[in-house]
Amino acid sequence: MIPAAFDYIRATSADEAIAALAEHGDDAKLLAGGHSLLPLMRFRLARPAVVVDIGRLNDLKYIRDEGDHVAIGALTRHRDVETSEVVAAKVGLLGEVTSHVGDPQVRHRGTIGGAVAHGDPASDIPSALIALGAVLVAAGPSGSREISVDDFFAGFLETALSPEEVLTEVRIPATDGAWGFEKFNRRAQDWAIVGCSAAVRADAGVGVALVNMHPTPIRAGATEAALAGGAGAAQAAEVAAEGCDPTEDLNASVEYRQHLARVLTRRALEAAGL
Amino acid sequence: MHWRMKAVERVSVTINGAEYSHEVEPRTLLVNYIREQAGLTGTNIGCDTSSCGACTVHLNGESVKSCTLLAVQADGEDILTIEGLADGERLHPMQESFRECHALQCGYCTPGMVMAAVSLLKENPSPSEREVRLGLEGNLCRCTGYHNIVKAVLHCAAGASATNGGAQ
Ligand SMILES: Cc1cc2nc3c(=O)[nH]c(=O)nc-3n(C[C@H](O)[C@H](O)[C@H](O)COP(=O)(O)OP(=O)(O)OC[C@H]3O[C@@H](n4cnc5c(N)ncnc54)[C@H](O)[C@@H]3O)c2cc1C
Ligand code: FES
Ligand code: FES
């Protein structure tokens with residue numbers, strides 16, 4: 001299917017995109033890689049009147065080693081994250097998780113900023129960013145602000161970004177700690193039925209987050225607390241689904257998702273050497 | 001104000017080395033542009049959900065699903081479709097490998113499959129069988145069971161086709 005008609009604006013800078021958003025408000029949508037937005041528009045589940053294309057903001061395509069953290073421009077494609085040596089050396093979990101997103105064609109187009117800003121609980125990438133404790137940088141009409149990943153995901157496909165803000169950068173604390181990622185799906189290319197990211201952070205704390213277990217991407221807080229209290233992987237994984245409100249769909253019942261969360265969390269923790 | 005806003009947009013692209021330029025509605029999908037405006041119908045459409053890969057073309061040398069791009073997103077870029085792969089009458093080694101290994105039956109998935117496979121070998125010139133299977137996970141085939149497709153890609157990677165070094 002072909003999307004409903006819209007007006008097209010090609011932004012040549014983040015400021016231009018912000019100005020366009022400020023002018024058109026809720027009628028406008030940013031277009032980055034388009035691999036979440038265009039499928040929705042093709043089914044007419046989204047019908048923005050104005051599409052603001054930020055896909056050519058080349059100054060937001062970068063991966064920088066900033067010593068204690070890695071800074072990734074919002075328009076950086078999954079393919080570039082997946083193949084980055086800086087990512088592999090300093091935030092390895094993110095590289096691994098990104099390599100499991102969709103298929104090569106999807107990874108040639110989709111961007112890290114789009115994957116975060118879409119706020120999809122089924123997306124793999126937010127789980128890595130939560131586990132690693134990332135900070136998101138947003139630019140709006142009144143300047144730039146930093147948002148902790150813990151304050152970013154507000155509801156199903158809803159984030160802390162205001163309608164006139166553009167996500168510009170993702171900052172991920174560096175760690176050489178071990179990590180694990182588990183994604184359970186039935187067929188190649190599919191989204192996760194449930195997934196789990198776990199990472200030993202530089203402060204020696206352990207970050208654990210779940211995919212598709214809640215209306216938002218979610219931290220497995222009970223598991224993290226159990227680990228901090230000295231529990232082993234198996235024991236900590238038992239409480240992985242606590243505080244999660246998963247949905248039931250064609251793939252899985254609520255109980256099955258809770259079961260998967262426990263099993264995948266145990267495996268991810270074991271892979272992270274816990 | 002540098003940006004433009006109007007009901008139609010001009011799209012100028014290079015497809016298989018030739019220049020094309022048309023006015024299109026912004027909502028025009030790249031696959032429809034390639035098939036209907038440029039008249040190159042080798043690229044197929046197999047689904048509405050970005051899943052099947054039948055529409056795979058190369059954008060600046062990398063595989064993309066042309067049903068999940070707007071034509072305006074490709075403005076100014078370089079596109080390669082299945083029609084541009086062969087060198088005159090001489091098949092591209094991947095096409096020749098598909099022929100030699102019987103990697104197609106109905107052929108509907110084949111243009112996308114071949115384009116995805118060529119992109120895969122550019123990124124990973126000597127993949128393992130598992131890497132080929134993962135590398136083609138965005139392409140569905142309803143006929144072959146994939147077995148001979150994987151064989152063809154490995155055959156091509158090994159330089160074993162008649163057009164890339166193998167026995168004539
Ligand atoms: C077939 C298929 C399979 C997939 N499988 C997976 C999978 O297994 N796992 C997974 O995690 N993902 C998967 N995806 C999604 C893919 O990773 C998307 O690329 C990603 O979720 C969105 O990135 P994008 O750049 O394409 O964003 P777009 O589609 O361009 O945008 C998505 C949303 O974010 C907003 N947005 C984008 N960039 C910004 C920004 N910089 N600032 C503010 N708002 C912004 C847009 O307005 C829009 O609302 C799949 C997609 C497809 C088509
Ligand atoms: S037609 Fe593009 S993925 Fe199916
Ligand atoms: S040969 Fe028929 S779909 Fe692949």
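## Close-up views of a predicted two-chain model

**View 1. Asp48(B) and Arg42(A) meet in a salt bridge.** Their side chains are 3.5 Å apart, N to O. A salt bridge here is a side-chain nitrogen of Lys or Arg within 4 Å of a carboxyl oxygen of Asp or Glu. Between chain A and chain B the count is six salt bridges. This is a predicted model: local features need pLDDT of at least 70, side-chain atom pairs count only at pLDDT 80 or more, and totals for chains, interfaces and linings use all residues. Residues are numbered from 1 along each chain as its sequence is written, chains are lettered from A and ligands numbered from 1 in the order in which they are written, and side-chain values use heavy atoms, with hydrogens and water left out.

**View 2. Chain A meets chain B.** Here 37 residues of chain A are in contact (heavy atoms within 4.5 Å) with 39 residues of chain B. The two chains bury about 3300 Å², 53% of it on carbon and sulfur atoms. Buried area is the accessible area (1.4 Å probe) that two parts lose on being put together, summed over both. Tyr8(A), Arg42(A) and Gln105(A) lose the most area on the chain A side, together 20% of what that side buries.

**View 3. Domain 1 of chain B faces domain 2.** Chain B is divided into domain 1 (9-84) and domain 2 (93-164), with bounds from an automatic or database domain assignment. Their centres, taken over C-alpha atoms, are 21 Å apart. In this interface 17 residues of domain 1 are in contact with 14 residues of domain 2. The buried area is about 1200 Å², and carbon and sulfur atoms give 55% of it.

**View 4. Thr43(B) is buried.** Its relative accessible area is 1%; buried means under 20%, exposed over 50%, partly exposed in between (1.4 Å probe, protein chains only). Thr43(B) is found in the loop between α1 (30-37) and β3 of chain B. Helices (H or I, at least four residues) and strands (E, at least two) are DSSP runs, numbered from the N terminus. Leaving aside neighbours within four places in sequence, Thr43(B) is in contact with residues including Val31(B), Ile34(B), Val57(B) and Thr81(B).
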